Amino acid sequence: MKDLLEKNNSIKTLRNGDIVEGKVIAKERSSVFLDLGPTGTGIVYGKEFFDAKMVLDNLKIDDKIFGKVIESENEDGYIEMSVKDADKEIVWKDLREKREKGEILTLKIIGANKGGLTTKVSNLLAFIPVSHLSADHYPRVEQGDPQKIVKELQKLVGIDIELKILDLDPKENKLILSEKFKDDDKIKEIIKNYKVGDAVEGEISGLTDFGAFIKFPSGDENYLEGLIHVSELDWQLISHPSEVIKTGDKVKAQIVNIAENKIFLSLKALKEDPWKDIDKKYKRGDIIEGEVTKFSLFGAFIRLSREFQGLCHISEFASQKKMMEELQLNGKYKFEISIIDSLNHRIGLKSVK
């Protein structure tokens, strides 16, 4: 009797939310009964039955299936269960384990949009952001045209890609994948051969709104790809990389930063800084002609020469509307130099009425 009591006391009491496996012991028109061992008998019926009807209809006596407890004991003494919810729980649990292990998943791409690619994992929709595509699949589109980005990404629909789980959130039904791991280990080893200040020669492999990609050889037929930010392309102020460079150009660049397996480079670092001798060309009080290149909330940007642009501050005008009435884009006007700051590469201008 003592052994029997100890055995009964050791029986685990199921709680709502528990996932357990049960054996089918009976089937009725709209319900299935499961043997849960010493914890009792489970039942899937009502809405829970019809939500998983296709799965339950195919079950036979003695088949085993997982269920999620939604009521530990109903008025008839059964443990009410949901098969559909259990499947979801098991899938998300499996995905968590895959992420922790860093497991590689080979998945077929089923869709594309301007933000990235879509695929399915265990019947769950997953997303691969553009920023987490490998160098081979990253869409290098000039001027960041969304339609062109989608067009490039659509070329990947239907192919298999190796991916790892980056982030998941069952509550939000969110599953984010990444392909960049393919480059990480290899790049990490190659990057060890470089340091900030090194100069490399390579080819411009793509342009975006924020800069240019440069691909350069790194021995043993390996290649590295780095980014030249738009501010590092030239000493002059430019709106888009295409103003000074194009895809296919052969260039020499200097490494200015290495961070998180990424290399950042500069073209202008290897060019002589025109600002160091600006005092020989301009001085405060000079009246010069300049071309309006851009309007902003701060004023109008004025090109004085290929290397230099100045700012005619909004305070020189009664309002932004007045500024745009007095100045026209690409128009040429007389200005007075009020500030020359060679250290911060800044020229301040006054409008000459």
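Contact is defined as heavy atoms within 4.5 Å, and helices (H or I, at least four residues) and strands (E, at least two) are DSSP runs numbered from the N terminus. The structure is a predicted model, in which local features need pLDDT of at least 70, side-chain atom pairs count only at pLDDT 80 or more, and totals for chains, interfaces and linings use all residues. Residues are numbered from 1 along each chain as its sequence is written, and side-chain values use heavy atoms, with hydrogens and water left out.

Helix 5 spans residues 146-154 and contains the buried residues Ile149, Val150 and Leu153 (buried, under 20% relative accessible area; exposed, over 50%; partly exposed, in between; 1.4 Å probe, protein chains only). Viewed down the helix axis, the buried residues of helix 5 fall within an arc of 95 degrees, so they line one face of the helix; the arc is that of the directions from the helix axis to the C-beta atoms. The cover over these buried residues includes strand 7 (111-113) and strand 8 (116-121). Gln147 and Lys151, on the other side of helix 5, are exposed.

Five strands close into a barrel in the order 12-13-14-16-15, with mixed pairing. From one strand to the next, the twist averages 50 degrees (axes are lines fitted to C-alpha atoms, for helices over the stretch in contact, and angles run from 0 to 180 degrees between N-to-C directions). Strands of a sheet pair through backbone hydrogen bonds, either parallel or antiparallel. Here two strands pair if DSSP finds at least two bridges between them. Strand 12 (residues 199-208) is paired with strand 13 (residues 211-217) in the antiparallel sense over five bridges, and Glu203 stands opposite Lys215 in strand 13.

A search of the whole structure finds seven aromatic pairs. Rings of Phe, Tyr and Trp (its six-membered ring) pair if their centres lie within 6.5 Å; planes under 30 degrees apart count as stacked, over 60 as edge-to-face and the rest as tilted. The ring centres of Phe49 and Phe50 are 5.4 Å apart and the planes are at 85 degrees, so this pair is edge-to-face. Phe49 is buried, with a relative accessible area of 2%. Trp275 and Phe308 also form an edge-to-face pair, at 5.1 Å centre to centre and 85 degrees between the planes. This pair links distant parts of the chain, 33 residues apart: Trp275 is in the loop between strand 16 (262-266) and helix 7 (278-281), and Phe308 is in the loop between strand 18 and strand 19 (309-313). Both Trp275 and Phe308 are buried. Tyr138, Phe210 and Phe213 form one aromatic cluster.

Phe301 belongs to strand 18 (residues 299-303). Not counting residues up to four places away in sequence, the residues that Phe301 touches include Leu237, Glu291 and Leu311. Between Phe301 and Gly348 the C-alpha to C-alpha distance is 9.8 Å, with 47 residues separating them in sequence.

Asp234 lies in the loop between strand 14 (223-229) and strand 15 (250-259) and is buried, with a relative accessible area of 7%. The side chains of Asp234 and Lys271 are joined by a polar contact of 2.9 Å (a pair of N or O atoms within 3.5 Å; within protein, one must be able to donate a hydrogen and the other to accept it, and residues adjacent in sequence count only if both atoms are side-chain atoms).
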